[in-house]
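Hi,

Here is the structure I promised to pass along.

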Amino acid sequence: MNDKFATISGELSTWPSKEELAQALIAAGLRVYVGRYSVRVEDCESFSFEQYGGDISEPCIAADAETTEVMIKDGQLVSDALVAAGIRHRFEVYDGNNNLAAYLHHNWPEET
């Protein structure tokens, strides 16, 4: 298995404002950087909520890591923070061979 360059594909059912999202992550003990169009989770290798700005598009999640293990750990940190804030979401972690390695979610139905 190619354990390099794992990624996350995910979504939030309803996107909170950029400020509300940042506060939810901070409340869970995560360090964040709030940019003009993004919220980056600094406790993770590479995890951000991007394209916040209203006029660009719907926000999206951009996350990757050197290994699948790190991506799962980072995804779990962010998922736990979103769960604590009651934000419905789902994350699919894919390994370097594009195989589903983990499914993290809160109140999201399983795919059938």
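Is arginine 90 buried or exposed? Keep in mind that this is a predicted model. Arginine 90 turns out to be buried, at a relative accessible area of 13%.

Glutamate 11 makes a salt bridge with arginine 90, with 2.8 Å between the closest N and O atoms. Because glutamate 11 belongs to strand β1 and arginine 90 to strand β6, this pair ties together parts 79 residues apart in sequence. Glutamate 11 itself counts as partly exposed, at 30% relative accessibility. Arginine 90 also forms a salt bridge with glutamate 92, again with the closest N and O atoms 2.8 Å apart, and here both partners are buried.

In total there are 6 salt bridges in the structure. Another of them brings glutamate 42 and arginine 31 together at 3.9 Å, N to O. Glutamate 42 sits in the loop between β3 and β4 and arginine 31 in the loop between α1 and β2, so parts 11 residues apart in sequence are tied together. Both side chains are partly exposed: glutamate 42 at 34% relative accessibility, arginine 31 with a relative accessible area of 47%. Through shared partners, salt bridges join Arg31, Arg40, Glu42 and Asp43 into one network.

Now the sheet. It is open and has 7 strands, in the order β2-β3-β4-β5-β1-β6-β7, with antiparallel pairing. At the edges are β2 (32-34) and β7 (100-106), each of which pairs on one side only. On average, neighbouring strands are turned by 15 degrees against each other, direction ignored. Helix α1 packs on this sheet, where it touches β2, β3 and β4, and its direction makes about 10 degrees with that of β3.

Then the aromatics, where the count is 4 pairs. One of them is tryptophan 15 with tyrosine 52, edge-to-face at 5.8 Å centre to centre and 80 degrees between the planes. Tryptophan 15 is in the loop between β1 and α1, and tyrosine 52 in the loop between β4 and β5, so the pair ties together parts 37 residues apart in sequence. Tyrosine 52 is buried, with a relative accessible area of 8%. Phenylalanine 47 and phenylalanine 91 have ring centres 5.6 Å apart and planes at 65 degrees, so they are edge-to-face too. Phenylalanine 47 in β4 and phenylalanine 91 in β6 are 44 residues apart, and both are buried. Ring pairs link Trp15, Phe47, Phe49, Tyr52 and Phe91 into a cluster.

Cheers

Notes:
Residues numbered from 1 in each chain as written. Predicted model: local features only at pLDDT ≥ 70, side-chain atom pairs only at ≥ 80, totals over all residues. Heavy atoms only, no water. Phe/Tyr/Trp six-rings, centres within 6.5 Å; stacked < 30°, edge-to-face > 60°. Helix = DSSP H or I, 4+ residues; strand = E, 2+ residues; numbered from the N terminus. Buried < 20%, exposed > 50% of the residue type's maximum accessible area, 1.4 Å probe, protein only. Pairing = 2+ DSSP bridges. Axes fitted to C-alpha atoms, helices over the stretch in contact; angles between N-to-C directions. Contact = heavy atoms within 4.5 Å. Salt bridge = Lys/Arg side-chain N within 4 Å of Asp/Glu carboxyl O.
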